[in-house]
Every structure is written in structure tokens, then in C-alpha cells.
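Me: I am new to this structure and would like to learn how to read it feature by feature. Could you show me the general idea each time, and then the case at hand?

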Amino acid sequence: MSNTGMKGEGSAMEGLRPNRRAMLAAPLLLALVPSESYAAEAPLRIGSLKFGTLNWLTETIRAEGLAAREGLSFESIDFAGGQATTVALQAGDIDLIVSDWLWAMRRRQEGEDFRFAPFSSALGALMVASGGPVRAVADLKGRKLGVAGGALDKSWLLLRAYAQQTAGIDLTKDAEPVYGAPPLINQQLSLGRIDAALTFWPFAARLDAQGFARLLDMKEVVAGLGIAPPPPLVGFVWRERTAATKGAQLAAFFRAAAAANRLLAGSDAAAASAWERLRPLMQAADAAEFGKLRDYYRVGIPGPFDAAGVAACAKLYDVLARIGGAELVGPKPGFDPGLFALSRG
């Protein structure tokens, strides 16, 4: 679901160029427990949002025969919102979801046996009108800033820390934050009712296609805060007890997911049919929006996740805990590296 110094639109677009070596890696999770046969077992139950990007991946796995190749049976169960998926996972109604690791870590601190592996390293972006008055973070002073989500949105907390460190401003006081759902924030920027929009990457991609500029990518924000390599925030979450009973199925799913991502990360020509198949799920308004959504997704495909990645997550946790406090991280804060399943390339 990252910071550096303010850069122009051209520099921001540099961040969209995929790191092919990282994207084409096929991580295998070490934490999963193998079994001799799992084809006849109950299918792996995956909770997702109907038009969420997880469904782009699972549809590719199905359509390209990757599940069949792995002998994997799984079913996608659609939910209306992210909170519904977390409730279903906690209730044991599903086996696997995509969520942020801060949520999983807080639940783990409360006794849940959750594990996490990266799904995407794509975060959000700070979007502004091309040629408009906001050309640097310091220009947000005295202006209306739309924030997708609420006051505890992780990108918002990181941007606050970055603005304080690089421009000496407190965005909660020096700017006028306006919180709202991502579609509403996009609309308000399009209508000129706000001066900038901090939003999730699919909505940043849609604004990009409409001609708005990426003033600052959240990966730049993270880097600007001295956190490297860029840590993932969004990933697969499952229970340790699920790995004990369906470990081989989970491993097969992750292998299929890596293969699907390798296909989707390929050249436009090689991946054309796969992406065209996803177009209804992407709900792109036009060809330009379709292209931006595809490109932003590709950039977020994660590479291997190792000890350096966990260390970066620990640094990120410290920043978020400092800004968000107990309301974000819970009454018993503390970074637990045991949440993370490492990969071998």
C-alpha cells in the first residue's frame, strides 16, 4: 500500500520504471509446511474485493492455467470492503487475505497467530494539477490537502513526518487536510476544490491518466526518511494454523502468484492478452487509464523479501508508531519480526 525530496514530474515517472530483476524473482515462502498431496483437500479460500487488485492476480492464475499446473484448488470470495475481509479471516471463514502488516502485527500482539508476505510494494502518491501552485511539499502550507482514508492512514502519517523533516511544517496545522474516500478525493481535485490529493496508487494512476502530476511518490517519502530498501506495506496475511494444515496449498498458491506476476510484468506485447482479459476488473475509463493502472501495478510487483526488508519494516514501524501513537499501533506497541515470512529467490 514512500518518501524522498520533492522532484518534478519527470523524476517521479522514473520511479515507474520497473526493476525487472526484482519483479521477475519467484519467492518461495520458508514458513509454509509441505504435504505429500493436497489436490483433494478443501480449496484454499481467498478473501478479496470484487474489483481489487488481488482479483487481477487470481484471475490471471486461473485463466493461464497456473493453478492447474500446481494442482491447486482455490476459491475467491468477494467482500464489500477491506474490513469485512479482516473480520472473515479472524473468524476462520477464509484462509488468506491481502491487508497491511501493521494491522496484522497489532493483531499478533493481541495473541493472533498471523503471518505476512508481500503482495505489492506500490503505495500512494501526492497528486497535484500540472502547472499549478503546488510544486513542492512546502507549497502545501495554507492549502487544502485531500487525504484518502482517515487521519491514521499510513501514507498520511509518513507524509506528515516527511514534511516536518524536509520543510519544517506540520501538515495537520499548516495545511487544511480534508479526509475522504479515494473516489471523492479524486473528484475534489478534478473540480479544483482541493489543491493536492494524497491517495492510493490505483487512484493516483487514474489521476495521472487525466493529466495530473505526481508531485511525490510515497516510495520517495520512505527513502527520504532514511528507510531502505523500500518496505512493502500491503501483503498476504494468513494464520500459522492454516500453514500447518494447508501449507502445501499456500506454497502452491504463492508459486502460481509469482508466475502470474512474471507474466503480467512482461513486455506489452507478451502480456497483452493477459492484461486485456483483466480490463473489465480494472474498470478503466479509457485506454490511457488502462495503461497507467497496468504500469503502476507492474512497478509494485515485489521481489524477494529478506532480512533487509524486515529491518526496513522495523524502521517504518518506528516512524508510524511515533506519529500515529497507540491509536495506530495499539496499547502494547512493539515490532515483531516473527510476523514476516521470508523468501528465497
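Reply: We will take a sheet, a helix, a pair of helices and a single residue in turn. This is a predicted model, in which local features need pLDDT of at least 70 and side-chain atom pairs count only at pLDDT 80 or more, while totals for chains, interfaces and linings use all residues. Residues are numbered from 1 along each chain as its sequence is written, and side-chain values use heavy atoms, with hydrogens and water left out.

Me: In which order do the three strands of the open sheet run?

Reply: Helices (H or I, at least four residues) and strands (E, at least two) are DSSP runs numbered from the N terminus, and two strands pair if DSSP finds at least two bridges between them. Here the order is β4-β11-β5, with antiparallel pairing. Because β4 (97-100) and β5 (114-120) each have a single partner strand, they stand at the edges, and one side of each is left without a neighbour in the sheet. Between β4 and β11 (residues 234-239) there are four bridges, and S99 has G235 of β11 as its bridge partner.

Me: How many residues does helix α7 have, and what distance does it reach?

Reply: The expected span of a helix is 1.5 Å times one less than its number of residues. Helix α7 (residues 154-167) has 14 residues and reaches 19 Å from first C-alpha to last, close to the expected 20 Å. Its buried residues (under 20% relative accessible area, with exposed over 50%, partly exposed in between, and a 1.4 Å probe on protein chains only) include W156, L157 and Y162. Just after α7, G168 takes a positive phi of about 70°.

Me: At what angle do α3 and α12 pack?

Reply: Two packed helices are described by the angle between their axes and the distance between the axes. Axes are lines fitted to C-alpha atoms, for helices over the stretch in contact, and angles run from 0 to 180 degrees between N-to-C directions. For α3 (residues 53-63) and α12 (residues 240-264) the angle is about 95°, with the axes 9 Å apart. The two helices therefore count as roughly perpendicular (65 to 115 degrees; under 35 is roughly parallel, over 145 roughly antiparallel, and the rest oblique). Contact, meaning heavy atoms within 4.5 Å, involves residues including L57 and I61 of α3 and F253 and L264 of α12.

Me: Is S48 buried or exposed?

Reply: S48, which lies in strand β2 (residues 44-49), counts as buried because its relative accessibility is 3%. Among the residues in contact with S48, leaving aside neighbours within four places in sequence, are L54, I77 and T85.
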